[in-house]
Amino acid sequence: MLKRPHGIYREVLEMVIDVAKSSHPREFVALLHQEEGVIDELHFLPGTTSNEDSAYLLLHMRPIDLNICGTVHSHPGPSFRPSGADLSLFNHFGSTHIIMCMPYEMRTWQAYDQEGRRISLQIVDE
Ligand SMILES: [Zn+2]
């Protein structure tokens, strides 16, 4: 198992915010890619833009890339608390999962580990 990233580039978080806003009121989901312990890219897959079920599609379609470390998705509501489906996804794959909730700002997200426990991710400026 790859070790968990300690940080995420600010521009990646800004992209998460942008995509969450443009997908609203639907959810979006993407994979997180890390390089040397910092999340540096989002990977989007076709047909995975709309709801909690899409996370499962993503899980099965994901490319074989050892630097894929988890997922990010949006909640079109005021809570970044993981749903039952979210916890099940976290549990199946990846070390780091981010939920971004409304109003989609730098303060309205939370990262979780595979057990659904809150973890901290440092915001890294390039
Ligand atoms: Zn969710």
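How many residues does helix α1 have, and how far does it reach from its first C-alpha to its last?

Author: Helix α1 has 14 residues and reaches 20 Å from its first C-alpha to its last. That is close to the 20 Å expected at 1.5 Å a residue, where the expected span is 1.5 Å times one less than the number of residues. This is a predicted model, in which local features need pLDDT of at least 70 and side-chain atom pairs count only at pLDDT 80 or more, while totals for chains, interfaces and linings use all residues. Residues are numbered from 1 along each chain as its sequence is written, and side-chain values use heavy atoms, with hydrogens and water left out.

The protein chain has three helices and eight strands. From the N terminus on, the order of elements is β-α-β-β-α-β-α-β-β-β-β. Helix α1 covers residues 10–23. Its buried residues are V12, L13, V16, I17, V19, A20 and S23. Buried means under 20% relative accessible area, exposed means over 50%, and partly exposed is in between, with a 1.4 Å probe and protein chains only. An α-helix has 3.6 residues a turn, so residues three or four places apart point the same way. Over the protein chain, 49% of the 126 residues count as buried.

What covers the helix? The cover over the buried residues of α1 includes β1, β3, β4, β5, β6 and β8. The helix lies across these strands and runs at about 70 degrees to β1 (7–9). Axes here are lines fitted to C-alpha atoms, for helices over the stretch in contact, and angles run from 0 to 180 degrees between N-to-C directions. Contact means heavy atoms within 4.5 Å.

The strands belong to an open sheet of eight, in the order β7-β6-β5-β4-β2-β3-β1-β8, with mixed pairing. Strands β7 (118–119) and β8 (122–124) each have a single partner strand and stand at the edges, so one side of each has no neighbour in the sheet. Two strands pair if DSSP finds at least two bridges between them.

Strand β5 (residues 96–101) is one of those that α1 lies across, and six of its six residues are buried. T96, I98 and M100 point one way from β5, and H97, I99 and C101 point the other way. In a regular strand the side chains alternate between the two faces of the sheet. On one side, β5 pairs with β4 (residues 68–75) in the parallel sense over six bridges, and H73 stands opposite I99. Strand β5 also pairs with β6 (residues 109–112), in the antiparallel sense over four bridges, with M100 opposite W109. Strand β6 in turn runs antiparallel to β7, joined by two bridges; there, Y112 has R118 as its bridge partner.

Helix α3 (residues 84–92) forms a right-handed β-α-β unit with β4 and β5; right-handed means that, with the strands pointing away from the viewer, the path from the first strand over the helix to the second runs clockwise. Helix α3 lies across β4, β5 and β6, at about 170 degrees to β4.

The loop between β7 and β8 holds L121, which is buried at a relative accessible area of 9%. Leaving out residues up to four places away in sequence, L121 touches P5, H6, G7, I8, I39, T96, I98, W109 and A111. L121 and I39 are 82 residues apart along the chain, and their C-alpha atoms are separated by 9.4 Å.

R10 lies in α1 and D125 in the segment after β8, so the pair ties together parts 115 residues apart in sequence. R10 counts as partly exposed, at 31% relative accessibility. A salt bridge is a side-chain nitrogen of Lys or Arg within 4 Å of a carboxyl oxygen of Asp or Glu. The whole structure has three of them. Among them is the pair D113 and R117 (2.9 Å, N to O), where D113 is buried at 3% relative accessibility.
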